Amino acid sequence: MAATSPPLPSSFQNQKTIVSNFSATKPFSIFLNDKKSSRFRCRFENQPSNWSVEFLSGTESVHLIQNSPPSMSMAAAASASDSAVKTVKKVCLFYCAETKPLAERIAAQSDAIELRSINWRTFEDGFPNLFIPNAHGIRGQNVAFLASFSSPAVIFEQLSVIYALPKLFISSFTLVLPFFPTGTSERMEDEGDVATAFTLARILSHIPTSRGGPTSLVTFDIHALQERFYFGDNILPCFESGIPLLKNRLQKLPDSDNITIAFPDDGAWKRFHKQLQHFPTVHNICRTRMLYIICSYVYHTFIHSSHI
């Protein structure tokens, strides 16, 4: 004799609205029939949303469960994968003639960096004749320029390019200046002194903004941290340091326990002694050297000559 399904409770039979909704979603199949627990579950197929109905006798309740189709989970996984790929920031890296080898080494470390060149030419009178190839190709891109202000002769031509790049409808612009050349001239010691560090900071502060906002300036081991306040609101200075790399190299030396750090003056000690506090230090070596010279002169001039 064929097994019969457990009868539906009266509370379920009286819910005409629910039954009418269920009848509209035929066909359905019963894939669980447990007589011991008087439990059954129905799944409605061929519907835009897959639903399951679960009933447990004695509880007088019906549970509606919406099943997520496999295609939805696969689509979610594909969407997460696509979003992970989109988070990789592509950067178009420009460079000057002096920083070309460094730019090539940087690009070799990441596939997200694309090297872009500039035609550095001059007119007959020596003034720069510059051209940025494929300027339309960097629209909407994140752009960086690796600069080198090694001499006053090259600053103007690089500033011309630095001022032009943000106006090419780029998404963001970052200026990487490994060495801030006028950093040691940051204060006035006498009336009439010109603090050229402040002058260069003002020039860089007038770089045009890009679509993403102000320009980001990255420089390493600037002479004084207070030079941050020399820059205006149109540029975001980011001060980095190579001291962690130096410490890493020193710690790998076989005689790393015998290393002593010598600071030439008070300014160098105040600037970097906290980052090198794990090593023994010699403070103000210039003063120590001067004292050595004076003592040596006194010894050889007066004491040593008196014994002869």
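In which helix is P244 found? P244 belongs to helix α7, which spans residues 243-251; helices (H or I, at least four residues) and strands (E, at least two) are DSSP runs numbered from the N terminus. The structure is a predicted model, in which local features need pLDDT of at least 70 and side-chain atom pairs count only at pLDDT 80 or more, whereas totals for chains, interfaces and linings use all residues. Residues are numbered from 1 along each chain as its sequence is written, and side-chain values use heavy atoms, with hydrogens and water left out.

P244 is exposed, at a relative accessible area of 51%, where buried means under 20%, exposed over 50% and partly exposed in between (1.4 Å probe, protein chains only). The C-alpha atoms of P244 and L276 lie 9.0 Å apart, with a sequence separation of 32 residues. A164, placed in helix α5, is partly exposed, with a relative accessible area of 29%. Between A164 and P208, 44 residues apart in sequence, the C-alpha to C-alpha distance is 8.1 Å.

A nonpolar core is defined as a set of buried Ala, Val, Leu, Ile, Met, Phe, Trp, Tyr and Cys residues joined through side-chain atoms within 4.5 Å. The largest such core comprises 30 residues, and F145, F149, L165, F173, L175 and L204 have the most contacts inside it. At least two residues of this core are supplied by each of β5 (91-95), β9 (142-146), α5 (152-164), β10 (172-177), α6 (196-205) and β12 (235-240). Another core, of nine residues, lies apart from it and includes L250, I261, F263 and F279.

With a disulfide taken as a pair of cysteine sulfur atoms within 2.5 Å, the count is zero.

Strands β7 (residues 119-122) and β8 (residues 128-131) run antiparallel and are joined by four bridges; two strands pair if DSSP finds at least two bridges between them. R121 has N129 of β8 as its bridge partner. The two strands, β7 and β8, form a hairpin with five residues between them, and G126 in the turn has a positive phi of about 95 degrees.
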